[in-house]
Amino acid sequence: MLLPQLIATIGASWLLASLGVYVRDIVQGVALVLTAWMYLTPIIYPETIIPERYRRLVGLNPFTPLVRNYRRILLEGSMPDWSGLAYFSGFAVLLFLFGYWWFAKTRRGFADVI
């Protein structure tokens, strides 16, 4: 579980580092998006309080299976949900590849902007 999370973090870091060079106010936008994303991921509340019609939308969030698996392993002492981990791993690899591609594409102009 840590490896896909690390891969996603590196991909997001490449993407945000590159965007930070060109868009100076990206920090405020990222803070807003991360706050909203935290509340859209069942981290501080159980999934059972989400109305049934919205649970499918929450399930589409790639970080929901990650949080579920951490709860299963750390709190319940059971094996992870492999399908959820595969879903998050796919998202992590896509974010990693896109972040690297974007960083490699835009790094030639870093010196001109800074």
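In the chain, confidence is lowest in helix 6, at a mean of 80, and highest in helix 5, at 96. Here pLDDT is the predictor's confidence in each residue, from 0 to 100. The mean pLDDT of the chain is 92, and 100% of its residues reach 70 or more. The model is predicted: local features need pLDDT of at least 70, side-chain atom pairs count only at pLDDT 80 or more, and totals for chains, interfaces and linings use all residues. Residues are numbered from 1 along each chain as its sequence is written, and side-chain values use heavy atoms, with hydrogens and water left out.

Helices (H or I, at least four residues) and strands (E, at least two) are DSSP runs, numbered from the N terminus. The C-alpha trace spans about 50 × 25 × 25 Å along its principal axes. Of the 114 residues, 27% are buried. Buried means under 20% relative accessible area, exposed over 50%, and partly exposed in between (1.4 Å probe, protein chains only). Contact is defined as heavy atoms within 4.5 Å. Among contacts between residues at least 6 apart in sequence, 66% join residues at least 24 apart.

Helix 1 covers residues 2-22. Its 21 residues reach 31 Å from first C-alpha to last, close to the 30 Å expected at 1.5 Å a residue. The expected span is 1.5 Å times one less than the number of residues. Pro4, Ala8, Gly11, Leu15, Ser18 and Val21 are buried in helix 1. An α-helix has 3.6 residues a turn, so residues three or four places apart point the same way. The buried residues of helix 1 pack against helix 5 (82-106) and helix 6 (110-113).

The largest pocket has a volume of about 470 Å³. Of the 18 residues that line this pocket, Ala12, Leu34, Trp37, Phe63 and Leu95 are the closest to its centre. A pocket is an open set of points on a 1 Å grid over the protein atoms alone, where a 1.4 Å probe fits, with protein on both sides within 12 Å along at least five of seven lines; lining residues have an atom within 4 Å of a point. Helix 1 gives the most to the lining, with six residues. Helix 1, helix 2 (26-40), helix 4 (63-76) and helix 5 each supply at least two. By class, the lining has 15 nonpolar, three polar and no charged residues. Ala, Val, Leu, Ile, Met, Phe, Trp, Tyr, Cys and Pro count as nonpolar, Asp, Glu, Lys and Arg as charged, and the others, Gly among them, as polar.

Helix 4 has 14 residues and reaches 19 Å, close to the 20 Å expected. Thr64, Pro65, Leu66, Val67 and Asn69 are buried in helix 4. Their cover includes helix 1, helix 3 (52-60) and helix 5. Gly77 follows helix 4, and its phi is positive, near 70 degrees.

Asn69, in helix 4, counts as buried because its relative accessibility is 0%. Beyond its neighbours within four places in sequence, Asn69 contacts Met1, Pro80, Asp81, Gly84 and Leu85. Asn69 and Gly84 are 15 residues apart in sequence and 7.8 Å apart in space, C-alpha to C-alpha. Asn61 lies in the loop between helix 3 and helix 4. Asn61 counts as buried because its relative accessibility is 9%.

Key. Grid points are joined across faces, edges and corners, and a volume is the space filled by probe spheres set on the points.
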